[in-house]
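Open the model in your viewer and switch to a cartoon view.

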Amino acid sequence: MSNPYQEAIENSNIVSKTDINGIITFVNDEFCKISGYSYDELIGQNHNIVRHPDVSTSNFEDLWQTILSKKPFKATVKNLSKNGSTVYLNTTITPILDKNENIVEFIAIRYDVTAEVELKKSLEEKEKELEQLNLNLEQKVKEQTKQLKELNKTLENRVNEEIKKNEEKQKLLFWQSRMASLGQMLANIAHQWRQPLTELNLTLFNMKKASINNNEKKVDELYKESKTLISSMSSTIDDFTNFFNPQKEKKSFEIKDAINEALIILRKVIELENIHIQIDVPIDYKVIGVSNELSQVVINLIQNSKDAFIQNDITNRTIIITLKEELILDKKYALLEIKDNAGGISKENIDKIFDPYFTTKYKSQGTGLGLFMSKMIIEKSLEGELSHKNIDDGSIFIIKLILG
């Protein structure tokens, strides 16, 4: 092999030649490097010196059948080096013919693909490992899913039990709140009746005096005054009876009407405690629910402000009630704000004001249910939100309701 093309092939490939019986007659340096044998150790040996024992005999039968039929044989061949390491060679074996078309020898040209084959094998092993991991994972997922379903069922049963317990607790809290509200309302009735009862007592005394003096005109005048006073007291009873009406049918009502109802009930308390109420609540703002429930919330908030005025010894007492509209994601909301200048809520208490039974008042003055029930009414009955924040000199409660 002395021409330039042969030299180029020799220098860049692994080359060997055998006679027709497979005896090695030539190897280049690259063949010696890859096999680990020296030139002298290879020449004269059968080519199966580098045969790997793992290779099936049928592969070699196929090889010899191909090349003896004067056709080239191409394959990736697994060989064994002298040091026992495995190499993989992309091999092309070509029969060399004489002028009479008889086979003279075989030339084999190879290049090393060991790294590629090992990488492929490694990838295949990894793929098998991944398949096995995937199977294991699927099995684990099935097992975990089964456990989670069982846990979920157990949790669902526990949640249902807790819901039932909470429903009972909320019913109890609701009725405790209603009784507390009833107590407040009775106190308000007493406030509203005290003055007309005093006036009625004086009127009856004067009527008796006029009757003794046979002053018929005066008796008639005092009789009419008495009827007016009694009518006013009767009206007060009607106001409170309507407020405690147990009707629960939800319907559209004016927010302003609910506020006015609350202010009528608190009329005497507001006057007695010298509280100045400012109202900026326009009409035609309606929500769906029970009107007297919103009134109860407004009463609770004003009563809280009144108690804070007294507790903090505030003299210039002001409550401002405003209503404005807000558009959020194409939905209209009413923001009803009740703001006072009663000093606000301390930092250590501000996160607990909506908790049941939490109160900063003396035990004889508060149950700690007012704000809790107010929040429940707004959220559960009116499907809104009740929130609080401190301002410079007091508190502001914000009731957010869907307009409808």
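Two strands count as paired if DSSP finds at least two bridges between them. Keep that in mind for the sheets on this tour. The model is predicted.

**Whole chain**

Select the protein chain. Its secondary structure comes to ten helices and twelve strands. Of its 404 residues, 35% count as buried. Now think about contacts with a separation of 6 or more: 61% of them are between residues 24 or more positions apart. The accessible area comes to about 25,500 Å², and carbon and sulfur atoms account for 52% of it.

**The mixed sheet**

Next, select β7, β9, β10, β12 and β11. These five strands form an open sheet in the order β7-β9-β10-β12-β11, with mixed pairing. Which strands stand at the edges? They are β7 (275-280) and β11 (385-391). Each has a single partner strand, so one side of each is left without a neighbour in the sheet. Look along the sheet: neighbouring strands are turned by 20° against each other on average, direction ignored.

Zoom in on β7 and β9 (residues 317-328). The two strands run parallel and are joined by six bridges. Pick Ile 275: its bridge partner in β9 is Arg 317.

β11 and β12 (394-402) pair in the antiparallel sense over seven bridges. A hairpin of two residues joins β11 to β12. Pick Asn 390 and find its bridge partner in β12, Ser 395.

**Helices on the mixed sheet**

**A stop at Ser 381**

Select Ser 381, in helix α10 (residues 370-381). Is Ser 381 buried or exposed? Its relative accessibility is 15%, so Ser 381 counts as buried; the cut-off for buried is under 20%. Show its surroundings. Leaving out residues up to four places away in sequence, Ser 381 touches Lys 250, Glu 293 and Met 376.

**The antiparallel sheet**

Now select β2, β1, β5, β4 and β3. These five strands form an open sheet in the order β2-β1-β5-β4-β3, and the pairing is antiparallel. At the edges are β2 (24-27) and β3, each pairing on one side only. From one strand to the next, the twist averages 30°.

Focus on β1 and β5. They pair in the antiparallel sense over six bridges. Pick Val 15, which stands opposite Ile 109 in β5.

Colour the lining by element. Those that give two or more residues are β1 (14-19), α4 (57-68), β3 (73-80), β4 (86-97) and β5 (103-112). Which element gives the most to the lining? End the tour on β3, with six residues.

Definitions and conventions
Residues numbered from 1 in each chain as written. Predicted model: local features only at pLDDT ≥ 70, side-chain atom pairs only at ≥ 80, totals over all residues. Heavy atoms only, no water. Helix = DSSP H or I, 4+ residues; strand = E, 2+ residues; numbered from the N terminus. Buried < 20%, exposed > 50% of the residue type's maximum accessible area, 1.4 Å probe, protein only. Contact = heavy atoms within 4.5 Å. Areas by Shrake-Rupley, 256 points an atom, 1.4 Å probe, with all protein chains shown as cover. Axes fitted to C-alpha atoms, helices over the stretch in contact; angles between N-to-C directions.
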